[in-house]
Structure formats: structure tokens, C-alpha cells
Amino acid sequence: MKLWLRKPVLALLFLTVLAPIVLYTDKLTTFSSYEFIQEPSTLSLNRDFRTLNLLPEELSETLKEPFGDVYMENLTRSVQHVDGESSRKTRQLNEEPEGVDTIVSSQEDNIIKQVTRDQNRLESAENNENVKKLEVVKLPEHSSSATQSETKQEVQKAGKREPAKTKSDKPNEHVLVDTRVRYLKDQLIRGRVYLSLSATRTNAQFSRELRLRMKEVQRALGDATKDADLPKNAYDKLKAMDQTLAKGKQLHDDCTGVVKKLRAIIHSTEEQLRVHQKQALFLTHLTAKTVPKGLHCLPLRLTTEYYSLNSSSQQFPNQENLDDPTLFHYALFSDNVLATAVVVNSTVTSAKDPSKHVFHIVTDKLNYAAMRMWFLANAPGKAIIQVQNIDEFTWLNASYSPVLKQLASQNMIDYYFKTHKGAESDSNLKFRNPKYLSMMNHLRFYLPEIFPKLSKVVFLDDDIVVQKDLSGLWSIDLKGKVNGAVETCGENFHRFDRYLNFSNPIIAKNFDPRACGWAYGMNIFDLEEWKKQNITEVYHSWQNLNHERQLWKLGTLPPGLITFWKRVYPLEKSWHVLGLGYNPSVSQKEIERAAVIHYNGNLKPWLEIGIPKFRGYWNRFVEYDQTYLRDCNMSP
């Protein structure tokens with residue numbers, strides 16, 4: 001009995017123990033060629049050694065059927081679902097960090113596991129950054145879906161040559177509006193370079209094609225400054241030009257000639273730029289010095305009319321109040337009739353009580369009759385007008401005024417009217433402006449002599465416009481200072497070292513190069529303090545020291561800075577805003593709150609080169625319907 005039971009037991013033991021060993025050994029032989037897989041890039045598709053495209057999750061609508069099944073190297077059977085629909089689903093790598101290599105033991109434990117997901121709600125780039133699992137996908141050849149910049153780099157590393165379009169995730173990122181315009185201009189430059197090379201000249205067909213494309217691009221470009229100005233066919237011209245330039249690139253494999261030519265073009269362009277800038281500067285100064293036809297006609301017309309009047313009609317009313325110290329007195333020195341009229345009209349218009357304002361105008365003998373005739377024909381309301389001729393100031397002569405002696409010297413005349421090396425050595429053309437030859441420009445240093453009975457006077461330049469009542473200037477306590485002015489030290493070029501020669505020991509010893517400058521144009525002068533501190537003699541002493549222009553160039557601001565050194569009372573900036581004759585960036589807010597706006601610089605409002613957006617503040621005080629202006633064809 002026992003022997004009979006022993007045989008079945010041994011047989012069962014044989015089956016249960018030895019059979020699994022045999023089966024397991026067979027399995028091992030099947031998988032003996034399997035290798036450890038650590039990088040997804042070692043996979044191959046369709047037995048062709050291809051690198052995988054690893055992309056973040058995308059919408060399921062954009063996924064297409066992969067090019068082929070995924071195989072492992074030396075694997076005799078593919079890892080795929082039998083079901084046809086599941087083959088269209090993405091296969092995802094299992095990247096859970098195990099720290100060790102994994103052996104594929106079965107279809108279920110495979111390192112490449114297929115995962116199906118609903119990806120219809122992938123909305124932002126942040127989700128892409130948080131995805132920790134990559135999908136094994138294959139983009140179709142016509143794919144134009146947007147990807148992230150990191151994805152593009154991964155595709156390039158994987159060997160994918162088809163670039164993916166990118167979109168910026170920054171909604172506020174600045175977008176250039178002239179990208180295509182610049183590209184078209186670059187194409188023209190490249191085209192000119194190719195045309196100048198010998199390889200292009202020897203290829204007649206390519207040369208004709210390139211010239212044709214360049215003409216098309218030039219017509220498409222026109223005067224466009226931004227992409228919106230380009231015609232609809234501009235992009236087609238751009239592509240056609242790109243194709244032609246690509247042909248040219250093939251003709252010129254050696255870039256050495258192209259580089260040399262481009263460098264030559266850059267050098268030539270820079271040289272032309274310097275020449276044009278110098279010419280533009282010269283022409284700007286020349287235009288500023290010239291008198292427009294209308295302004296030349298106006299004084300001639302007025303002078304003729306003035307001398308046709310009888311002597312009684314040539315007199316101004318209320319001349320008995322010219323020295324009344326209780327009134328508000330203005331000093332204005334100019335030979336420009338229209339500019340002077342604007343200053344007077346704007347001041348009277350802005351005044352609370354025009355009858356208390358007195359204007360003392362000094363001009364030269366050429367414009368004396370015209371200036372008087374203008375204000376006789378266009379009386380400024382109840383304001384009082386006085387017009388004087390500088391040639392009638394017999395006390396102002398070369399024996400009294402050093403500057404008058406200097407201006408009449410042969411050396412000074414040669415400096416302005418003869419071309420020589422010394423004249424050409426001045427890099428700043430504004431110092432060679434012939435207006436500095438006029439003594440009219442230096443009368444501001446002789447106010448007590450011109451108005452001996454006045455205690456205070458406001459000096460006004462002829463290129464200003466008054467926007468508010470100025471009577472408050474007379475109530476300002478200057479605290480023993482002579483000159484009340486607005487300081488201009490907010491900008492570096494308005495400090496002393498920009499006007500004075502600090503290489504000269506006399507200047508270096510007496511003044512601070514970083515001292516704050518101030519502005520002429522609207523100044524309140526205390527003539528009583530002027531006389532006490534003997535300001536005119538201070539001015540004369542410094543003019544004598546500068547007889548060879550070693551301390552400063554010409555002009556009135558440098559000697560003004562020296563003469564009124566530590567004698568200037570700073571006014572509020574809102575009294576006087578400068579820069580409308582050279583600086584287009586002066587803010588409208590500053591202009592509107594200013595009592596006086598100043599067109600200092602070359603771009604005067606009565607010239608065509610004046611800044612257009614600032615010209616309106618000046619034009620509103622010009623009566624272009626006036627008879628004399630119409631006769632001279634003057635218009636805004």
C-alpha cells in the first residue's frame with residue numbers, strides 16, 4: 001500500500017518542482033538577449049534606427065497615427081496592442097525613479113507602457129512645465145501646432161530637423177511694428193552687395209533676376225515705416241527675394257569677399273553720415289541766421305508807411321508815464337518787428353491790468369521806423385510803448401564800452417567774415433554767429449544807463465511768449481541780489497564748465513566748474529542794487545581780460561554768469577520754461593503751467609525749421625489778417 005502511494009507522490013513532486021524549473025529556464029533563454037534600457041532615445045522605430053520625439057502632452061485632436069510600431073532592440077516581437085484603435089493612442093515611458101535598471105519580464109511589465117488619457121483641457125504653459133511623464137509621439141509632416149521653447153530644443157537634440165513654431169507666453173511682450181520693413185531693407189543691402197561682387201557680374205541671368213527682385217522690393221517698400229504701411233503683396237516679394245538671395249549665396253561659397261564688401265559699405269556709410277551731420281548742422285545755423293522773405297518785406301513796408309505820416313502822427317500816447325516807478329516796466333532789445341510784437345501782445349493779453357505795463361523797446365536804426373510804425377498801427381491796448389534807437393545812445397561808445405571796441409576790431413571782423421584755419425578750428429558753430437557782432441545783444445549789461453530813473457525792470461528776450469500775468473515779479477524780494485532768474489542746473493550742459501574756459505587759471509581760481517547756470521530771457525533786475533554793487537564796471541573788467549577770447553567764446557550768457565556770480569536770486573521754475581527752440585521733448589504740462597515759454601535755440605517759431613508742435617503757442621499772438629502781413633504774404 002505504501003509502495004503504491006509512493007509512486008504517485010514522487011510523480012506529483014516531479015511535476016510540481018521540476019516542470020516550473022524547465023519552463024522558467026525556457027523563459028530565460030527567450031529573454032537572454034534583452035538589455036537594460038535607461039534612455040528612451042535607444043528605442044528604434046520600424047527597425048530603422050530613429051531617435052524618438054519627446055514632447056509634452058498635447059491635445060488629442062492634434063495627435064496623428066505614428067509612422068511605425070515601437071520595437072526594442074533585438075526583440076522578436078513588437079510591443080503593441082492587437083486592437084487597431086489602441087495603436088492610435090500614445091505610448092508613454094514609465095520614468096518613475098527606481099534607482100536601478102528594470103528588466104522587461106512580460107508584456108504587462110514592459111518599460112514602454114501605453115497610457116491613454118483625455119487631453120482636451122490642457123490650457124496653459126504651466127501645466128506643461130509640471131508634466132513629469134513624456135509621451136512617445138510622432139508629429140506629422142504638416143504639423144503647425146505651437147510648442148514651448150524647451151520642447152523645440154528637445155526636438156532639435158533628438159535629430160528632428162523640422163522647426164516648430166513658437167509663441168510667447170508673455171501677453172505684454174513688446175512686438176516690433178516694423179519687423180518686415182527692416183527685413184526688406186536688409187534684403188536690399190544684401191542685394192547690392194551681391195551685385196558688386198565679380199561672381200554676380202559674370203552671371204548675367206542671376207544679375208538680371210536680382211535687379212528685378214530689388215526693384216520689386218523697392219516698390220513694395222516705398223515710404224513705409226511700419227509693417228501696416230506695406231502693400232498686401234509685400235510678403236510675396238519678400239519670399240521671392242529670399243529665394244533669389246539664396247541662389248546668390250550658392251554662387252558665393254567663399255564669404256571673404258562678401259565680408260570685405262560689407263565692411264567697405266559700413267565704412268563708407270559712416271563717413272557719409274558724418275559728412276551729412278556736419279552739413280545739416282551748418283545749414284541749421286545758416287537758416288537760423290537768415291531772415292525769411294516775409295520778415296524782410298515787413299520792415300520795408302512799415303518803414304515806407306512810417307515816413308508817409310506827419311510828425312504828429314508819429315508819436316505814441318502817454319509818454320509822460322515812461323519813468324513812473326509805480327508801473328511795471330519791461331526792457332526789450334530787438335531788431336525783429338514781428339517777434340517783438342508777439343512778446344508785447346502776449347504780455348498785454350495775459351496782464352490783469354494792461355494800463356500799468358510799460359514796454360521800453362530798443363532797436364537799431366534800420367528797424368527803428370518799422371518798429372514805431374507797427375505799434376502805431378497796432379496799439380497794444382492801454383499799455384504804454386516806447387521805441388528807442390540804439391544809435392542815439394551817445395554815451396555808448398568804444399571809449400566807454402570794451403565790448404564795443406572789441407566788436408569793431410579787425411580781428412573780430414576777420415573771425416566772422418574771412419575763412420582761415422583759426423576760424424575753422426572752432427568745433428561749435430554757434431560761437432561764430434554774426435549776431436554777436438551786434439551791440440544790441442550786449443545792451444542788457446547797461447540797464448541802469450538806459451533807464452536811470454527806474455528801480456526795477458524785467459528784461460525780456462524777443463523769442464519768448466508770455467502766458468501769465470508777470471506783475472508778481474515786482475513783489476519778489478531778491479534779498480540783496482541783483483538778478484532774479486530761473487536756474488538751469490538740472491542738465492549737465494547748463495553748468496559753468498560748459499561756458500567758461502576752466503583751463504585758464506583766472507577762471508579756475510574764481511569760479512566753480514559745477515556751479516549752477518541760469519537763463520536769460522525773463523529776468524527781474526534790481527537796478528538800485530546794480531548801482532550799489534557797480535555791476536557794469538565788473539562786466540567791463542572781465543571783458544578787458546577776455547580781449548583775445550581766452551576766458552570764454554562770444555555771447556552774453558558767459559559774461560553774464562561771471563558778472564552776476566553770487567548775485568543771482570533763483571526764481572521758481574514755473575516762471576520761465578526753456579528749450580522750445582531745440583528740445584522737442586519739453587512736456588506740455590510744463591508749458592501750460594509756465595508764465596513764460598522761451599524758444600531759445602536755432603529752431604525759432606518764425607522760421608520753417610521751427611518745431612511744429614510748439615509753433616502754435618507763438619502763432620496765436622500773430623494777427624495774420626493784419627494788412628502789412630498780408631501784403632508780405634505771411635501766413636501761419
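Tyr306 is buried (under 20% relative accessible area, where exposed is over 50% and partly exposed lies in between, with a 1.4 Å probe and protein chains only), at a relative accessible area of 6%. Tyr307 is exposed, at 58%.

The model is predicted: local features need pLDDT of at least 70, side-chain atom pairs count only at pLDDT 80 or more, and totals for chains, interfaces and linings use all residues. Residues are numbered from 1 along each chain as its sequence is written, and side-chain values use heavy atoms, leaving out hydrogens and water.

**Aromatic pairs**

A pair of aromatic rings is described by the distance of the centres and the angle of the planes. Rings of Phe, Tyr and Trp (its six-membered ring) pair if their centres lie within 6.5 Å; planes under 30 degrees apart are stacked, over 60 edge-to-face, and the rest tilted. The count comes to 23 aromatic pairs. Among them is the pair of Tyr306 and Tyr307, which is edge-to-face. Trp518 and Tyr520 also form an edge-to-face pair. Trp518 and Tyr520 are both buried.

| Pair | Centre to centre | Angle between planes |
|---|---|---|
| Tyr306 and Tyr307 | 5.3 Å | 80 degrees |
| Trp518 and Tyr520 | 4.9 Å | 75 degrees |

Helices (H or I, at least four residues) are DSSP runs numbered from the N terminus. Axes are lines fitted to C-alpha atoms over the stretch in contact, and angles run from 0 to 180 degrees between N-to-C directions.

The axes of α4 (residues 179-196) and α7 (residues 234-251) come within 10 Å and cross at roughly 30 degrees. That makes α4 roughly parallel to α7. The cut-offs are under 35 degrees for roughly parallel, over 145 for roughly antiparallel, 65 to 115 for roughly perpendicular, and oblique for the rest.

Contact means heavy atoms within 4.5 Å. On the α4 side, the contact residues include Arg180, Tyr183 and Arg190. On the α7 side, they include Tyr235, Asp242 and Lys249. The residues of this contact divide into seven nonpolar, three polar and four charged. Here Ala, Val, Leu, Ile, Met, Phe, Trp, Tyr, Cys and Pro count as nonpolar, Asp, Glu, Lys and Arg as charged, and the others, Gly among them, as polar.

**Helices α10 and α11**

The axes of α10 (residues 337-350) and α11 (residues 368-377) come within 10 Å and cross at roughly 40 degrees. The two helices are therefore oblique to each other. Val337, Thr340, Ala341 and Val344 in α10 meet Ala370, Met371, Trp374 and Phe375 in α11. This contact has seven nonpolar residues, one polar and no charged.
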